[in-house]
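This briefing goes through one protein chain, topic by topic. Please keep the sequence and the structure open while reading.

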Amino acid sequence: MTATAPARLLISHITLRGPELAQLYALIAVSPAATLDDLRAKLCPAGVGTAPDDLADAPLREALSFLGIAGLVTANGRPRRYTATPRLRAVPFPLLLTHHVATHPDERQRAIAFVHRQLVADDTLAITPQALRDQQERGPLRDLFAWTGEKVTLWAHLAAFLGLIRRVERATELLIVPSLALTRHALSWARTAATDATALDALLRVIDSHLFACFTARGRIHRGLTQTLLALESRGQLHMTHHADAAHSLLLGERRVSTLALLEAHDDDGLTAL
């Protein structure tokens, strides 16, 4: 028995925020078979949820709904007992959630990943929320559901929380530049799944298939991801080289690269080795 009704859209959880998801998932992961009352006792003020019409635990129930639809949590029995069901192991929560959304079997539930994929395909580097809504209303995703300002706002928040985009203080534009932490963790995980753990092309294709979009419609590395890879190298987190006899190579701006080696991460960069 799943924790939530399958008809609810992930992108319709418009009041939800990323930290709530991360906190709740972490609690369920270390407390297998926790009931709703158990979760309320640890996350809500005393007395919340005791009245039938009590709305004070609404954020908890909304987060449970999202995690259930995403396949990160399942519930069984009466009363329902919640259990974490991650499809990736030993990865940070943002990377795990990115994977579950990107690989969801229901196309409409993949909308959060599809929006980012479209921006990457177009090689978009910056866009305003209003322009993004207009694009979705006219673009290939227009028939999935009605695009509202609330859905776009939720997308922007979750995408920033996951590290897919960046939001600049006192600026309206969303920067389609993945975070250093998300990119490094993605590369670290991709080494375990790629056919060649040192080939940049192989690593990015694994990430593109299982985590988040990396390539434009013309097959080039997205400009935002290029910025992040070069920033990681400048911080000593990775090293990229090119070999003339490499089977595949990619352009990062005007620089050709074929191999990538991850170096030791430093806590002060917000990165930790997996």
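Aspartate 123 sits in the loop between helix 5 and strand 4; helices (H or I, at least four residues) and strands (E, at least two) are DSSP runs, numbered from the N terminus. This is a predicted model, in which local features need pLDDT of at least 70 and side-chain atom pairs count only at pLDDT 80 or more, while totals for chains, interfaces and linings use all residues. Residues are numbered from 1 along each chain as its sequence is written, and side-chain values use heavy atoms, with hydrogens and water left out.

**Backbone exceptions**

- Aspartate 123 has a positive phi of about 60 degrees, although it is not a glycine.
- At 22% relative accessibility, aspartate 123 counts as partly exposed; the classes are buried (under 20% relative accessible area), exposed (over 50%) and partly exposed (in between), with a 1.4 Å probe and protein chains only.
- Alanine 90 also is not a glycine and has a positive phi, of about 55 degrees.
- The loop between strand 3 and helix 4 holds alanine 90, which is exposed, with a relative accessible area of 70%.
- The peptide bond from arginine 78 to proline 79 is cis, with omega near -5 degrees.
- Proline 79 belongs to the loop between strand 2 (73-76) and strand 3 (81-84).

**Whole chain**

- The chain contains 10 helices and 10 strands.
- Of its 274 residues, 49% count as buried.
- Contact means heavy atoms within 4.5 Å; among contacts between residues at least 6 apart in sequence, 60% join residues at least 24 apart.

**Histidine 100**

- Histidine 100 is part of helix 4 (residues 93-102) and is buried, with a relative accessible area of 0%.
- A polar atom of the histidine 100 side chain lies 3.0 Å from the backbone nitrogen of arginine 87.
- Leaving aside neighbours within four places in sequence, histidine 100 is in contact with Ala70, Gly71, Leu72, Thr85, Pro86 and Arg87.

**Strand pairing**

- Two strands pair if DSSP finds at least two bridges between them.
- An open sheet of 3 strands has the order 4-6-5, with antiparallel pairing.
- Its edge strands are strand 4 (126-127) and strand 5 (166-167), each pairing on one side only.
- Strand 4 pairs with strand 6 (residues 174-175) in the antiparallel sense over 2 bridges, and alanine 126 stands opposite leucine 175 in strand 6.
- Strand 7 pairs with strand 10 (residues 259-262) in the antiparallel sense over 4 bridges, and the bridge partner of histidine 239 is alanine 261 in strand 10.
- On strand 7 (residues 238-241), Leu238 and Met240 form the covered face, while His239 and Thr241 form the uncovered one.

**Core and helix packing**

- A nonpolar core is a set of buried Ala, Val, Leu, Ile, Met, Phe, Trp, Tyr and Cys residues joined through side-chain atoms within 4.5 Å.
- The largest nonpolar core has 82 residues, of which Trp155 and Leu204 touch the most other members.
- Helix 7 (residues 149-162) gives the most to this core, with 7 residues.
- Leaving aside neighbours within four places in sequence, tryptophan 155 is in contact with Ile11, Ile112, Val115, His116, Leu119, Leu132, Ile165 and Leu174.
- Helix 9 (residues 200-210) is mostly covered, with 8 of its 11 residues buried; among them are Leu204 and Asp208.
- The buried residues of helix 9 pack against helix 5 (111-121), helix 8 (180-190), helix 10 (223-234), strand 8 (250-252), strand 9 (255-257) and strand 10.

Definitions and conventions: Polar contact = N/O pair within 3.5 Å; in protein donor to acceptor, adjacent residues only side chain to side chain.
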